[in-house]
Amino acid sequence: MGHEFSFRDVLTVSARIGWTIEDVLPDGAVLDFGRPFLPETLARTGGIGFLDPAEKRLLNQIRGHEYLAMFGLVEEFILPFVLDHARPQLGGISSRPGAAGASEIPADISSGPRSPGIADRDQDDHKVRALLQFASEEAKHIHLFKRFQALFTDSFATRCEMIGPPQAIAAEVLRHDPLAVALVILQVEWMTQAHYLGSVRDDGDMDPLFKSLLRHHWMEEAQHAKLDTLMVEALAQDRDGAGIARAIDEYFEIAAFLDAGLAAQARMNLDAFERASGRRLTAAEREALEPGQHQALRWTYLGSGMTHPRFTATLAHLSNDARDRIAAAAPAFS
């Protein structure tokens, strides 16, 4: 499958757009709690008739905390996965025994013995550097989101719990077929693009600091989506139809596991809302609010990625069946 990007291209762009945590979240940074943190297309709080405007904004801000914390959680499994993919590229050194999925990850997109020429070696060097840069940026994002959570917690003064622990979630995801994991990661990365370009960029009501966090995250994830596209293709290269189908089966297992976590997260968000607002939701209000908020999370983290045209194009490259199975499931997460 031809692309308009390469490992070398991604490195060039990454060098140009590089930023530090201090650039984005400097000492003394202040969140504006008079503004929403998420666009309405993701938060889905604006249409809740029994909440007043201040309460809707409060729930939106709790969703904003969850949004960055959830990215930090997801990147806890992206980081080791990328490192496991990079390891076989390092001078032909084999992956450590027992690494999650490492034994199934090909060292190179091409196969068979060969004598690499200068151009091949140069391409391999760009690949190693790009993958290690990918991992480094994901570690930076995890650090940034932890800094944001600390700032939010200090300012908000109400505990907002998250599903976890992240290590247990990562272990469950990484025990699956590496191609299934790579597809989940690719979906997350294209999802980030859809959220920023489709909802965040032109939203003038959002807190400027939170919006800046999302913009800088998007800038680097745009490059990660390209790298993960190349990883997906490498992982799928020698698979027959049955092998692709098994990976899609495991993709759905991961999605179901994450969806169960999103249902729990929706409940935690409403618990945080009650603590922060001092308002006890009635049983009827909970019954009306919880499914809608769960569906909002499902769209945010699953549906918006499943339907991204670049993600579906990669699926079609794997097989029409893979594309059609995920397309058939996507409406449930809208």
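Q: Buried means under 20% relative accessible area, exposed means over 50%, and partly exposed is in between. So why is Arg35 called partly exposed?
A: In this predicted model, Arg35 has a relative accessible area of 28%.

Q: What makes the contact between Arg35 and Asp32 a salt bridge?
A: The cut-off is a Lys or Arg side-chain nitrogen within 4 Å of an Asp or Glu carboxyl oxygen. Here the N to O distance is 3.3 Å, so the pair qualifies. Asp32 comes in at 32% accessible area, so Asp32 is partly exposed too.

Q: How do you know that Arg239 and Asp177 form a salt bridge?
A: Their side chains come to 2.8 Å, N to O, which is within 4 Å, so they pass.

Q: Why can you say that this pair ties together parts apart in sequence?
A: Arg239 sits in the loop between helix H8 (208–236) and helix H9 (241–277), while Asp177 is in the loop between helix H6 (166–174) and helix H7 (178–200), so the parts being tied are 62 residues apart in sequence.

Q: Are Arg239 and Asp177 buried or partly exposed?
A: Arg239 is at 23%, so call Arg239 partly exposed. Asp177 is at 11%, which is under 20%, so Asp177 counts as buried.

Q: What makes Arg279 and Glu285 a salt bridge, and why is Glu285 called buried?
A: The N to O distance is 2.5 Å, within 4 Å, so the bridge counts. Glu285 has 14% accessible area, under 20%, so buried is the word.

Terms used
Residues are numbered from 1 along each chain as its sequence is written. This is a predicted model: local features need pLDDT of at least 70, side-chain atom pairs count only at pLDDT 80 or more; totals for chains, interfaces and linings use all residues. Side-chain values use heavy atoms; hydrogens and water are left out. Buried means under 20% relative accessible area, exposed over 50%, partly exposed in between (1.4 Å probe, protein chains only). Helices (H or I, at least four residues) and strands (E, at least two) are DSSP runs, numbered from the N terminus.
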